[in-house]
Amino acid sequence: MGGTPLVELERLAADFEFRVFAKVERFNPGGSIKDRSALSMLLGLIRSGELVPGRSTVIESSSGNLAIGIAQICRYFGLRFICVVDARTTEQNLAILRAYGAEVEMISEPDPATGEFLPGRLRRVAELMATVPYAYRPDQYANPRNPEAHLETMAEIDRALDGRVDYLFCAAGTTGTLGGCARYIRRNGLSTTVVAVDAVGSALFDSPVSCARLIPGHGASVVPALLDPTSADRVEHVTDLESVVGCRRLMQREAILAGGSSGAVVAALERLAPGIPAGATVALVLPDGGDRYLDTVYSDSWVRRNFGDVTHLWQEPAAHPDHRGTHLDILETLETKETVPC
């Protein structure tokens, strides 16, 4: 795991006066950056004998990527894995988990107080921990081994760019990637500006509004214990629609099929681009691939059903001469559609 490619996004950055590189984490064996966290939280305990094949059970709450990362490790080492998911988990992710032999528990109703599924998932994890013998909970929201994994993520970016990383854009969920990358930057005296990309409606960094979110992967409904507000020099809140547009624009220009949180990172970059100095070097962390979002982000019917006809927001100027290609278009679309989610 790790050693993923760093790719220069020349076409996405064609209108910018700075260079943009993407850390493409879909090339981890489980398909996402969460493989790093999963291995970090389990491998030491396996080697020390605290997790024993045929006896120990790993129990975790996850909407997708971390669950798949844990499932493959548990299958390899012969550990039982119970994963608590919710109704927003895609059928594809559920099929992958079952293929790895994970036992899936579904939370089908949101928490009445918050309208979110995460509180119910966490309650079910606590119940299982109290009843399943020899159980271990990695707890991605509080486990310090989660951010520790991403010291290496940032080290790889640093080495590939010879220490010249002026800006780092990183989606925030458990804040493991964000915290680990920021810690590396400070330990090594880099002058990198860290931009945390949060979701509108998230509880992490004082979202301007509260609303339901459609796209998983960034943002959180509960503030994780790992969160260090000082890890980010700047926070950008991105809507679901902006995430979709970012994904589609990245695919159109670079032929990179990336996941929803990657689209959010692209949207944040485009929003801040006018203030980034000429000659700067920018790194984006793209957490996963788009193959697990084919029924949502990359489905024209799903996008139309949730946001209306918005294809003009990612089409190239040649196809739409009046298209300005900025986040202002997205804001105007939101203002004209009363029922659009955040």
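**Ground rules.** I number residues from 1 along each chain as its sequence is written. Because the model is predicted, local features need pLDDT of at least 70 and side-chain atom pairs pLDDT 80 or more, totals for chains, interfaces and linings use all residues, and side-chain values use heavy atoms, without hydrogens and water.

**Asn 28.** I found Asn 28 in the loop between strand 2 (19-24) and helix 1 (34-48); helices (H or I, at least four residues) and strands (E, at least two) are DSSP runs numbered from the N terminus. Asn 28 counts as buried because its relative accessibility is 3% (buried is under 20% relative accessible area, 1.4 Å probe, protein chains only). A polar atom of its side chain lies 3.2 Å from the backbone oxygen of Ser 32. Leaving aside neighbours within four places in sequence, I list Met 1, Gly 2, Thr 4, Ile 33, Asp 35 and Arg 36 in contact with Asn 28 (heavy atoms within 4.5 Å).

**Helix 6.** I looked up burial in helix 6 and found nine of its twelve residues buried, including Cys 181 and Tyr 184. Their cover includes helix 5 (145-160) and strand 10 (281-286). Gly 189, with a positive phi near 65°, follows helix 6.

**Cores.** A nonpolar core is a set of buried Ala, Val, Leu, Ile, Met, Phe, Trp, Tyr and Cys residues joined through side-chain atoms within 4.5 Å. The largest has 30 residues, and among those touching the most other members are Phe 18 and Leu 284. Helix 8 gives the most to this core, seven residues. I noted a second, separate core of 25 residues that includes Ile 157 and Val 285.

Terms used. Buried < 20%, exposed > 50% of the residue type's maximum accessible area, 1.4 Å probe, protein only. Polar contact = N/O pair within 3.5 Å; in protein donor to acceptor, adjacent residues only side chain to side chain.
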